[in-house]
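We will walk through it together, one region at a time.

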Amino acid sequence: MGMRVPGYWRNMPFLYRLAGWKCVHCGAFHHYKPVVCRRCRSKEFAQVELPGSGRLIAYTVVRSPPKEFERCAPYAIGLIELEDGTKILSQLTDFKENELRDDIRVEAVFRRVRINGEQGIIEYGYKFRPALSRS
Amino acid sequence: MAGVYVAGVGFTKIAEHWDKDLEQLMAEAAVKALEDAGVSTVNAIYVGCALGEHLQCQANLGALMAECAGLTGVPAFRAEAADASGAAALYSGFCDIASGRSEAVLVVGGEKLSDGLSEEVSSGTLMMSGRSWYEGFMGIDFYAMSALLYRLYSKRYGDEGIPFFPVISHEHAEGVAHAQYPFKIALDRVLESPFIAEPLRMLEVSGIGDGAAAAVLVSEELARRLKSPKIRMFISSATDYVNPFDREDPLRLQSVMLSVSRVLEHAGISRSELNMVELHDSASILGALCLESGGFSPPGAAGKLAMKGEFGLNGRLPCNTFGGLKARGHPFGATAIYQVAEIYLQLAGRAGKNQLDKARTGLAISLSGVGAAAFTSLLKMEEV
């Protein structure tokens, strides 16, 4: 597959720490380093780390996975609204059968995501799990 | 802007073509289209293909296509916009004629998905639909994305009638010679099929197949000299944020909304004047979202209208008259050209058993991924 080690290295801040750039003017979050804001075209950004917890808006389960994820299937994908209102997508992990429901609280954890390419690079990143402190 | 006319079309059956390479398949469609148009050469060739590098290790499809169609020497290159690549090629060809630079162009799209394993095709759609270091990294493929949209849709409006879209497409594909799945399926079978990514079921998504389609576009002056019917073409396009959940409302495909409004305005046609629409139903939910975002159904009502028969061949607005992406098939880079070719056949009165009564205008919506880009083509029969 064409996803190479330098690309992984460039994206580590987001994948490891949910770090990115927020537009100072309109608040739009960018997980990549933007040249101009994708929403308002401003050039002023603040580096931020997104809150590591939020609410599961919707989820699905991938049963017929792409090649890189064959060994992980089936796996769950969630659309999550973080505490600051940012919406992100994530794999879901550490849940029991029937535990996944819309609107449950979820929190970020650091996990192995995949083994990539012929070199077999082990790539890590965030996933979300049902929050341990259910409030 | 000068008028652009479709002078002829050609396509292959969508199937698993084990005995043919990508360029052979495309040449077959190209030569058919040239013969259909009655032209022996063109000023330029535009090729649509999404996964040539990924599945065939093949780029440089422009020159390759020119050679295989016996047109070496003619300028040729490829346009790419994921599974709307064929529409990107149509757009390029359209602009070439509309600008007055060319008199005739060949637009050809092709994809040979059966050269890859289904997981590889899935990796391809994943790579092309979303950002490779976001959705791609996490294994969020096209199906998962569509499934999440489906969930949001069901929560807001309910899912009544959405699984009926494949039933309509298959009904229209029955007996169609070029369709990949030329048979009917009942709603029960759709609902009993296993999940591919819940709530999306296996029989709600398009399959994997090979196909190529081509169209010859010509100037008004050349159209007057050719024998083919005078069918004028318009095309518009728009983009949106690649990740639908970055959008203001993920259930409103802005790229569809904009490209449909622009093309109607350009053609001077209102929605009620359209005789047919080809939808991008790579997943049932996307067919519904195309109708709603394009202004052909109120939000949340497309499924209910589908159940009432509004989108059948005898309905208010016939959709997917040869089976759409679901049943005719969805060989990515060729799909948009199949859509336009099918409208052409309807307008030219060559649609066989699927012929609509008095079809004079038709519109096709082609998406890349879940609407990161939309291209809307419109064909209109002109009085001579």
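**A walk through two chains**

The model is a predicted one, and in it the peptide bond from E198(B) to P199(B) is cis, its omega being near 5 degrees. Look for P74(A) in the loop between β4 and β5 of chain A.

Now see where the chains touch. Chain A gives 29 residues to the contact and chain B gives 27 residues. On the side of chain A that touches chain B, at least two residues come from each of α1 (5–17), β4 (53–62), β5 (75–82) and β6 (87–92). That side of chain A holds 15 nonpolar, eight polar and six charged residues.

Next, find helix α8 (residues 164–173) of chain B. Is it mostly covered or mostly uncovered? It is mostly covered, as nine of its 10 residues are buried; among them are F164(B), F165(B) and I168(B). The cover over these buried residues includes α9 (187–192), α12 (284–293), α13 (302–307) and α14 (324–327) of chain B. After α8(B) comes G175(B), with a positive phi near 75 degrees.

N98(A) has a phi of about 70 degrees and lies in the loop between β6 and β7 (105–116) of chain A. C57(B) has a phi of about 55 degrees, in the loop between α2 (52–56) and α3 (61–68) of chain B. N98(A) is exposed, because it has 6 other C-beta atoms within 10 Å, and C57(B) is exposed with 8.

Technical notes. Residues numbered from 1 in each chain as written. Chains lettered and ligands numbered in written order. Predicted model: local features only at pLDDT ≥ 70, side-chain atom pairs only at ≥ 80, totals over all residues. Contact = placed C-beta atoms within 7 Å. Helix = DSSP H or I, 4+ residues; strand = E, 2+ residues; numbered from the N terminus. Nonpolar A, V, L, I, M, F, W, Y, C, P; charged D, E, K, R; others polar. Buried ≥ 20, exposed ≤ 12 C-beta atoms within 10 Å, placed from the backbone.
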